[in-house]
Amino acid sequence: METMKVQNITPNDLYWKIRYNASRCTLCGSCVAACSFRAIEPKVERRRMVFSEGELPEPKQRFSAVPVIKQVNSIKNYCRGCGICEKVCPNDAIGPVRNPDTRHPIITRCLAGDSIKRGGRKNLGSTTRTLDKIRIGRISQMTDPSLDAQRHTFDLLAPFGRILPPAKLPMGVTPEGLLQMQKEAPPVGWIYPVIIGDMSIGALSWRMWEAVAMATAYLNEECGIPVRMCSGEGGMPVRLLKSRYLKYMILQIASGHFGWNRIIKAMPHMTEDPAGVLIKIGQGAKPGGGGLLMAQKVAEHIQAIRGVPKADLLSPPNHQGLYSIEESVQKMFLSFNAAFKFRVPVAIKVAASATSVSVFNNLVRDPYNIVGGFFLDGIDGGTGAAHEVSLDHTGHPIVSKLRDCYLAAVNQGRQGQIPLWAAGGLGKTGDLAADAFKMICLGANGVFTGKLILQMAGCVGNDQGRCNACNTGLCPVGITTQEPALVHRLDPERVAQNIVNYFLAMDQEFKKLMAPIGNSSLPVGRSDALVSVDKPVADKLQIQFVC
Amino acid sequence: MCRIGAIKSLDYTHPSQALLLMQSQQKGHDNSGFAMVMHDLGGIFESYKHLPTLSLACTDEGVKVAEDILHAAGFNRVMQWVPETNPLPGLDINAMPNYLFQTYDYPKHVRHLGQKEKEDLLLNMRLKLRKALERDEMGFAYSFWPDVVTLKEIGDPKDIGTYFNLWEPDSKFTAKVITAQCRQNTNYDIVRYAAHPFHLQGYTTLANGENTFYLKNVELQRELHRGYIGFESDSQCFLYTLHYVHRELGWPLSYFKHVITPLPFEDIERRDDKEQLLAIRQSLAHLEINGPNTIIGVLPDNTMFTCCDAKKLRPVVIGRNERMVVFSSEVCGINEVLPDRDWETDIYPHEREVVAVTNDLEVQRWRQ
């Protein structure tokens with residue numbers, strides 16, 4: 001017998017172990033074919049059978065070769081627990097089981113000598129979320145009646161663009177006693193308070209990105225819900241840039257500037273202005289880190305859109321050439337405002353940080369009035385690819401930071417001048433309306449969401465280590481991959497339908513939250529409507545403590 | 001819930017009419033106080049219209065403190081009226097020891113100054129008086145403004161009327177504009193300042209309702225103007241917004257309605273002036289009100305107006321004859337004051353309407 005090597009990897013070292021019942025398996029091969037990670041494979045096992053044929057026991061043994069499905073013992077092709085094998089098995093013969101004794105974080109580092117990378121969200125077991133400790137506790141009853149969510153009308157829109165203080169509005173009174181604009185004010189779009197967050201056409205499969213774009217167009221044109229979608233860094237198809245649907249899109253520019261060559265070339269042919277430009281400085285899921293698109297996902301169409309060869313595409317952690325907030329205001333904001341002749345609002349996205357208020361203060365005090373939105377992204381946000389250590393250990397929760405920024409504006413009498421948009425784990429429990437509503441009461445004008453959109457599409461990943469393989473390009477449900485075979489698993493019409501339906505449901509739920517507090521427009525900053533059963537949370541957020 | 005009422009008349013009218021207006025509506029309020037602001041004064045104040053009158057309720061010490069402050073600033077008292085009180089046993093009134101209405105001439109060094117400088121000085125003086133009198137609750141400086149007097153007290157409005165002899169009409173204490181309300185701020189602490197009508201630099205408002213955007217309003221207003229203080233009642237926000245829109249921004253009154261109850265976006269989109277309306281909605285989003293409300297307001301030129309919340313959740317009715325227009329929460333109040341009017345001309349404004357009454361009693365109805 002060969003000497004045992006304790007360093008060899010066994011399923012017990014991995015996150016997930018495959019449960020396999022040979023007696024139920026018909027060896028149809030569906031599971032092996034469907035596993036995008038190649039984490040299971042057909043093998044032949046030698047089996048010994050003892051039997052007796054005579055009247056008295058006369059044990060004999062027989063050996064046979066039996067085909068089975070086995071888990072691959074490898075840190076490259078390890079099981080991610082996605083459960084696709086279970087989904088396709090007609091006989092419930094196979095499926096992943098979480099392994100609480102995993103040594104994966106250690107052995108992966110030991111064997112690879114490289115940091116662990118993955119997609120998804122922070123995976124550390126978390127305590128109760130702050131938003132779940134807050135309730136909408138100020139209900140209108142006697143003196144101020146509740147509204148009727150079905151009967152009354154509600155104004156569910158949020159501003160995107162720089163808003164001038166009233167005394168600076170360029171308006172004069174005509175002899176007839178009417179106000180008239182004397183010159184142009186900064187552009188502001190009034191849009192749905194939930195923006196579909198920035199996920200690039202490289203991070204997502206073309207079918208997934210198209211499905212989100214389809215849902216956005218449908219929500220706008222058929223449902224009357226003016227949702228905007230942010231492109232993510234990496235541009236977008238030229239056909240879309242030249243189409244009338246561009247008005248529903250927010251173009252993102254990040255430190256890699258990917259995709260902008262094509263955008264600029266398409267500008268003379270644009271028939272509509274985009275809804276906005278979002279300058280991405282940081283991302284909540286991996287603050288201080290730049291974008292990361294692994295070579296395996298840089299398919300031909302990605303190379304074409306971005307104008308790059310097939311290689312790892314790493315956006316630098318910061319915008320090269322920007323060394324101060326003032327500089328960013330002067331250079332980036334002015335140039336992007338000028339690019340669309342000051343018709344398109346330009347906003348900034350930063351990762352929530354202990355320093356966010358300072359950044360916000362600098363922007364809100366800028367004398368040019370050209371920062372059209374402050375997008376603040378918290379630690380619970382998702383990503384297509386990041387170092388696990390960043391995902392799990394860097395970042396700042398969104399709730400108190402958003403509140404800090406709002407109160408900083410209030411203290412200067414500048415609330416609302418730069419719209420605040422928040423993200424980072426909102427809708428994590430599946431209930432985005434409630435999370436968004438609470439953030440709005442705390443001072444957000446709106447929220448943006450990415451990971452939840454993927455979950456609407458059928459993403460099987462979760463925050464307990466399931467799947468999280470968006471970085472590999474092997475997404476088992478065709479969402480974050482460019483492999484044609486995998487992409488074709490995704491039905492874009494079904495995805496678009498799911499997203500549209502989710503937004504319709506959420507729209508109803510917003511009204512069901514606004515009606516009892518008696519508000520027909522969004523209660524931005526109405527922290528008096530919130531209560532918390534947690535004293536430190538109540539104190540920090542300056543809302544009422546109740547018990 | 002409050003009941004509010006206001007009278008605008010071509011003739012000088014005695015406050016007994018305001019008491020009458022409110023008395024029949026007493027089932028709808030809790031009779032916890034009486035507050036009144038009068039503009040365009042007659043009687044003993046008629047010849048002092050251009051000089052500021054201080055309306056003060058205070059202790060003996062408070063009188064001294066207030067007078068010392070005004071004298072030190074160079075103001076000279078030219079007239080004082082101390083209403084005769086009638087402290088019968090058993091009256092439900094929580095009276096202050098002194099009620100003074102003192103008219104002052106401006107200090108010499110400001111007499112040549114422009115209107116705005118004088119108005120700023122008057123506000124500064126009232127804020128100073130208010131602060132000084134807050135110590136030990138020495139008193140309450142309700143208004144210090146030309147051609148305006150204010151009376152506020154805690155107790156049963158009927159008894160307050162008896163205490164101040166307001167039930168007996170006379171020609172000494174009259175005005176062409178009287179706004180009144182019969183309820184203390186029972187939602188929160190009972191503070192004399194918290195009873196509306198509220199007055200600031202010639203603007204007066206009173207309201208029936210609940211402003212559920214109170215916190216949003218307060219958080220912005222606090223930083224907008226030094227005169228926006230107190231916030232003892234959510235209705236004060238209406239006054240400050242009116243003052244800000246009409247005086248500070250210099251916008252016509254019709255835009256006040258666009259600020260507090262902006263049109264829905266889909267309606268704005270269809271308007272020719274959508275650019276202006278959107279700009280207003282954007283920049284003044286924190287002055288929007290929500291919740292049920294009816295507001296009655298008076299401008300420095302004595303124009304009186306009323307408007308409601310965007311869902312018309314609170315009532316108001318306007319009745320009139322040739323000499324008088326009366327605003328009231330309930331029509332029964334108008335029936336007392338103008339029993340012989342043609343009630344078919346009564347106006348029940350809708351949620352997008354502003355009804356304004358000019359000094360010659362022209363009633364204008366503006367659709368937002």
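Modeller: What follows describes the interface first and then two residues inside one chain. Keep in mind that this is a predicted model.

The side of chain B that faces the other chain comprises 34 residues, and they are in contact with 43 residues of chain A. The size of an interface is often given as the accessible area lost when the parts come together. Here chain B and chain A bury about 3,300 Å² between them, and 60% of that area is on carbon and sulfur atoms. Three residues, B:Phe265, B:Gln282 and B:Lys311, supply 18% of the area that chain B buries against chain A, more than any other three residues.

Polar links also cross between the chains. There are 13 residue pairs in polar contact between chain B and chain A, counting pairs with both residues at pLDDT 80 or more. The largest share comes from α9(B), with eight residues. By type, the residues on this side of chain B divide into 17 nonpolar, eight polar and nine charged.

The count of salt bridges between the two chains is two. One of them joins A:Arg138 to B:Glu210, with the closest N and O atoms 3.2 Å apart.

Now to the interior of chain B. B:Thr179 lies in strand β8, which covers residues 175-181. This threonine counts as buried because its relative accessibility is 0%, where the cut-off for buried is under 20%. Leaving out residues up to four places away in sequence, B:Thr179 touches a set of residues that includes B:Gly5, B:Ala6, B:Met36, B:Pro197, B:Leu206 and B:Val298. B:Tyr228 is 49 residues from B:Thr179 in sequence, and the two are 21 Å apart in space, C-alpha to C-alpha.

B:His196 is found in the loop between β8 and β9 (198-200) of chain B. At 5% relative accessibility, B:His196 counts as buried. Its side chain reaches the backbone nitrogen of B:Ala207 at 2.9 Å. Among the residues that B:His196 touches, again not counting those up to four places away in sequence, are B:Cys2, B:Ile4, B:Gln181, B:Thr205 and B:Ser235.

Terms used:
Residues numbered from 1 in each chain as written. Chains lettered and ligands numbered in written order. Predicted model: local features only at pLDDT ≥ 70, side-chain atom pairs only at ≥ 80, totals over all residues. Heavy atoms only, no water. Helix = DSSP H or I, 4+ residues; strand = E, 2+ residues; numbered from the N terminus. Buried < 20%, exposed > 50% of the residue type's maximum accessible area, 1.4 Å probe, protein only. Contact = heavy atoms within 4.5 Å. Polar contact = N/O pair within 3.5 Å; in protein donor to acceptor, adjacent residues only side chain to side chain. Buried area = accessible area lost by both parts, 1.4 Å probe. Salt bridge = Lys/Arg side-chain N within 4 Å of Asp/Glu carboxyl O. Nonpolar A, V, L, I, M, F, W, Y, C, P; charged D, E, K, R; others polar.
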